[in-house]
Amino acid sequence: MGDDLTELGRQKEALAYFEEALAMQQQIHENQEHPSVATALYKNGKILTHLGRLEDGLGYLEKALIMQRRINPNLTNNDQTIGPLTEMGYTLVRLGQLEVGLQRLKEGLAIQQSIDKDRKHPNTANLLGKVGYALIEMGKVNEGLAYYEQELNAWNRIYNDQDNIRTACSLNYLGYALIQTGNPKEGVAHLREGLNMRERIHKNEDHPWTATAMHYVGYALVWTGELEEGLAYLEKSYNMQKRIYDSNYQDHLCAANTLSYMGYALVQSGRLEEGIKRLEEALLKQKSLFKDENHPWIANTLRCTGHALVKAGKLDKGIERLKESLGMQKQIYSDPNHPWKAKTLGYLGYALTQAGQLDKGIESLEASLDIQEQVYSDKDHPWTAKTLSYLGYALVKKGSLNEGLACLRKSVDMQERIYNNQDHPWTANTLNYLGYALTQMGELEEAMACLKNALSMNNRLYSHQEHPRTANILHNLGYAMVQMGKLEEGLDYLTAALDMRNKIYNDQDHPWTAISLHYIGYALVKSGKLEEGQELLHKALSMNNRVYHHQDHPWTANNLHYLGYAMMWAGRLREGLDYFIAALDMRNKIYDHQEHPWTAKVLCDIGHALVKSGKCKEGVSYLKDALSMQQQIHGDYDHPWIVTTLNYLGYALTQTEKFKEGIGCIEKGLTISKRIHSNRDSTRTAVSLNYLGHALVKFGKLKRGIANLEEGLAMQKRICNHQDHPGIVHTLDNLGYALVQAGMLKEGRDYLKQGLAMQKRIHKNHDHPWTVYLLNDLGDAWMRLGKVKEGKSLHREAMEMQQRIFKSQDHPDTAQMLCNIGESLNKARVYQEAQEHSEKALAMQRRVFQGTLHPMIVATLHNLGETMRLRRNTTDAFSYYCQATHTSLQIYEGAHPCTTKCLTSLVKALKRTRSGTYMQKVKDEILPLCEKTLGKTHKLTKKLHNTVRLVKHADSPDSKISSLCFQYRKIMHLVLNDVIVQRSLALSALRKDRIVAV
């Protein structure tokens with residue numbers, strides 16, 4: 001009866017019968033040793049292990065084995081001991097005691113083979129399969145597969161290659177093993193063959209083993225990326241089990257197990273809520289079945305549910321489930337070093353890493369590795385390699401890039417040894433991680449090599465068919481290409497990843513599809529296609545909101561974050577800041593207002609955006625908060641994002657006149673970058689050199705600044721093998737601008753020409769914001785060289801391109817360009833056009849910044865003052881100088897160079913006009929603000945005060961006479977100057993006539 005119930009899967013009912021049989025046998029034989037008692041002990045032990053009570057079952061099996069050996073002490077090859085030996089070995093393997101378990105199984109196999117000389121006994125085949133299972137669990141995958149193949153051959157010999165339940169079962173196990181060991185095509189083929197055989201045997205009628213075969217085929221198809229077909233098989237399996245077990249299907253272990261795999265498959269196909277619902281349903285069934293007792297399958301479903309919740313962004317719930325799974329395993333397995341505990345610790349470490357708890361995540365992954373070193377005696381094992389892969393990823397996120405890379409490389413090497421340098425999905429996945437990490441480090445050539453290797457491997461594994469992992473690699477390849485400056489190629493790869501994901505997920509919403517849309521949008525923004533990029537970023541945000549039911553999620557926050565970037569690029573500063581702040585609020589909710597790397601990153605970007613919006617003090621505050629959070633998160637570890645924050649903070653401080661502090665921040669970032677990359681060339685170090693050079697030039701340290709920019713340029717060229725790259729273009733622009741500022745006009749012009757030519761090659765002469773910057777800077781250089789016509793032509797081209805890019809909408813860069821053109825035209829003495837450009841710039845800046853005081857407005861007001869002075873419009877010149885000084889004093893603390901420049905111009909204008917009305921305005925509005933901001937004892941305050949005192953009697957008769965005399969002298973000077981100019985022109989014409997005559 002017990003055996004029949006076991007076949008039907010009703011193990012608990014079977015156990016009751018086996019226990020009753022054992023008690024009866026012991027009573028019959030008066031508790032003395034007897035073969036029948038030993039057999040009853042064996043059956044009780046076997047059913048207990050099937051019910052998950054592994055240690056209880058092992059106790060019965062040991063008693064059975066000892067009894068059998070005492071009953072027949074003289075028989076070396078006692079076939080009665082094979083059953084207990086086999087089940088003991090199998091149970092010990094499941095308990096994590098792999099070496100002892102394998103020894104028991106091999107001992108049973110040796111006895112069986114000594115009895116079965118022709119190798120035609122079912123027990124021989126059965127034992128071969130169990131030895132294969134143990135070897136694969138130990139990481140000896142090829143040796144394990146060889147035993148599975150021997151098992152299949154044995155069944156074929158026994159049954160003369162005819163259909164048989166045992167042969168079909170062996171095909172299942174071999175197929176499953178082939179998938180696990182990286183041969184998905186062969187694995188699926190064997191599983192399909194096993195299913196077909198079962199259907200022929202059972203004449204397509206419902207049967208538990210047919211349902212099991214369907215289950216395995218479904219799982220395999222999900223593994224190979226054929227998600228819809230895999231789900232269809234799992235659903236067929238589950239429905240068949242419901243029909244077979246009728247009202248008892250809810251209390252059947254196999255049905256619950258199939259439900260668990262269905263949940264896993266649904267999660268993989270992006271139907272997260274449905275998948276989690278199935279997993280939770282399976283969990284309830286398993287807990288009901290085992291009456292809330294601890295069981296390995298419950299722990300397994302808890303782990304799968306936790307991992308699914310993490311993928312769905314429900315990080316706290318996911319981590320809670322994983323911890324529950326780990327707690328249950330600790331109670332099930334008394335051995336502290338059990339491989340299943342290591343597996344769960346690995347998933348928990350990955351989840352904690354995703355939640356930003358990097359130290360705890362790394363601690364969990366290291367604990368997993370420690371167990372595996374004990375279990376596998378420091379030998380190669382697939383799970384050890386996978387855990388190393390997770391640890392490498394976590395260390396890269398932590399900022400320990402070199403340690404992370406070492407772990408990832410160790411993982412790849414281990415897998416190549418395990419799989420004899422043959423293709424394997426996990427190897428391809430680790431190469432993918434390695435390529436991503438190298439991209440983050442700026443080691444782009446090596447990154448590309450890793451990613452292309454991973455792509456080739458996946459294509460071979462899955463016969464160039466669509467697969468989620470292949471799409472992931474294409475995606476990372478595209479991202480790496482964008483980072484390399486190969487924007488068109490990068491977009492091609494990213495688009496290929498999107499197309500593949502749409503095919504895999506039937507054009508339905510999916511988190512990975514949203515990620516593809518997100519990164520394509522980001523790449524389009526980088527390539528200057530702002531409207532297209534924004535459209536895709538909005539599309540990704542909408543999809544994520546649908547996928548996650550408008551609940552907070554890290555990827556939704558990421559969408560908001562990058563939309564902030566896109567808006568800032570488009571000059572829509574207020575909207576950009578709104579998106580950044582929305583991303584910050586969501587991250588704070590997700591991570592419960594605790595420190596997190598992405599929270600720190602969005603704080604950094606808000607700070608940088610505020611600085612660009614003219615709110616420098618607020619920006620510096622946010623940047624300091626970001627830096628403080630990053631230092632708390634990463635401790636003594638150097639991290640690339642800290643370098644970025646220090647660069648932004650240094651730039652912001654230079655904007656607020658704190659040049660020494662700002663340069664100190666950038667230098668600190670440069671030192672960290674050099675440590676991260678072990679003083680090797682890196683894009684990040686080159687960027688820091690660029691920031692430092694630019695800051696030093698602004699501080700007036702031209703020689704040092706130019707030297708840093710030249711060093712950064714040389715490094716960028718070495719990194720990119722002297723091929724075109726946006727990073728080189730940016731450095732050429734900064735270096736050219738610096739040389740022009742230093743008066744080295746021709747050298748600066750030549751660098752700007754190089755940058756413009758490279759920019760046009762990269763973007764194939766398409767419009768791009770950086771092309772506009774270069775045209776503008778080059779136009780300025782030509783103006784300074786006296787080539788007004790050439791300069792104006794470049795400025796006109798830049799303006800036309802800027803208007804095409806931004807659809808003639810207001811943009812801070814457009815306003816800045818108008819201001820710069822005005823300044824250049826001033827120097828070229830084209831005053832009417834200078835005034836027109838500066839007035840347009842001022843009007844646009846006031847619209848863009850919407851009442852916010854901004855350094856750009858100060859520069860434009862001062863430019864207008866200079867233009868009016870040069871046009872002899874003293875009244876308007878004084879008015880603009882006054883506005884510029886007032887605005888600058890409100891923006892900057894201390895004697896900022898901009899404030900000094902404006903005050904100096906104002907003092908000169910006041911002395912020139914000697915107007916009592918103007919003096920009163922300065923006395924009432926500017927002087928009090930100057931005393932408040934700079935202090936009464938500051939030299940500029942004193943200078944302004946003395947000037948006011950000098951002209952305080954400007955309305956007295958003496959002052960009026962003095963003013964009239966001053967005006968008379970100025971007019972006479974102009975008349976005389978005009979006479980001199982006219983004489984000069986006449987002499988020049990006379991000389992030309994003489995030359996022509998000669």
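In which helix is the place of Ser-838? Ser-838 lies in helix α40, where helices are DSSP runs of H or I with at least four residues, numbered from the N terminus. The structure is a predicted model, in which local features need pLDDT of at least 70, side-chain atom pairs count only at pLDDT 80 or more, and totals for chains, interfaces and linings use all residues. Residues are numbered from 1 along each chain as its sequence is written, and side-chain values use heavy atoms, with hydrogens and water left out.

Ser-838 counts as buried because its relative accessibility is 0% (buried means under 20% relative accessible area, with a 1.4 Å probe and protein chains only). Apart from neighbours within four places in sequence, Ser-838 is in contact with Leu-818, Gly-822, Thr-860, Asn-863 and Leu-864 (contact means heavy atoms within 4.5 Å). The buried residues of α40 also include Ala-834, Gln-835, Leu-842 and Phe-849. The buried residues of this helix pack against α28 (573–590), α29 (597–612), α39 (812–827), α41 (855–870) and α42 (874–891). Gln-850, which follows α40, has a positive phi near 45°.

Towards another part of the chain, the axes of α2 (residues 11–28) and α3 (residues 35–50) come within 9 Å and cross at roughly 160°; axes are lines fitted to C-alpha atoms over the stretch in contact, with angles from 0 to 180 degrees between N-to-C directions. The two helices are therefore roughly antiparallel (angles over 145 degrees). Residues of α2 including Leu-15, Phe-18 and Leu-22 meet a set in α3 that includes Val-37, Leu-41 and Ile-47.

Key
Angles under 35 degrees count as roughly parallel, over 145 as roughly antiparallel, 65 to 115 as roughly perpendicular and the rest as oblique. Buried means under 20% relative accessible area, exposed over 50%, partly exposed in between (1.4 Å probe, protein chains only).
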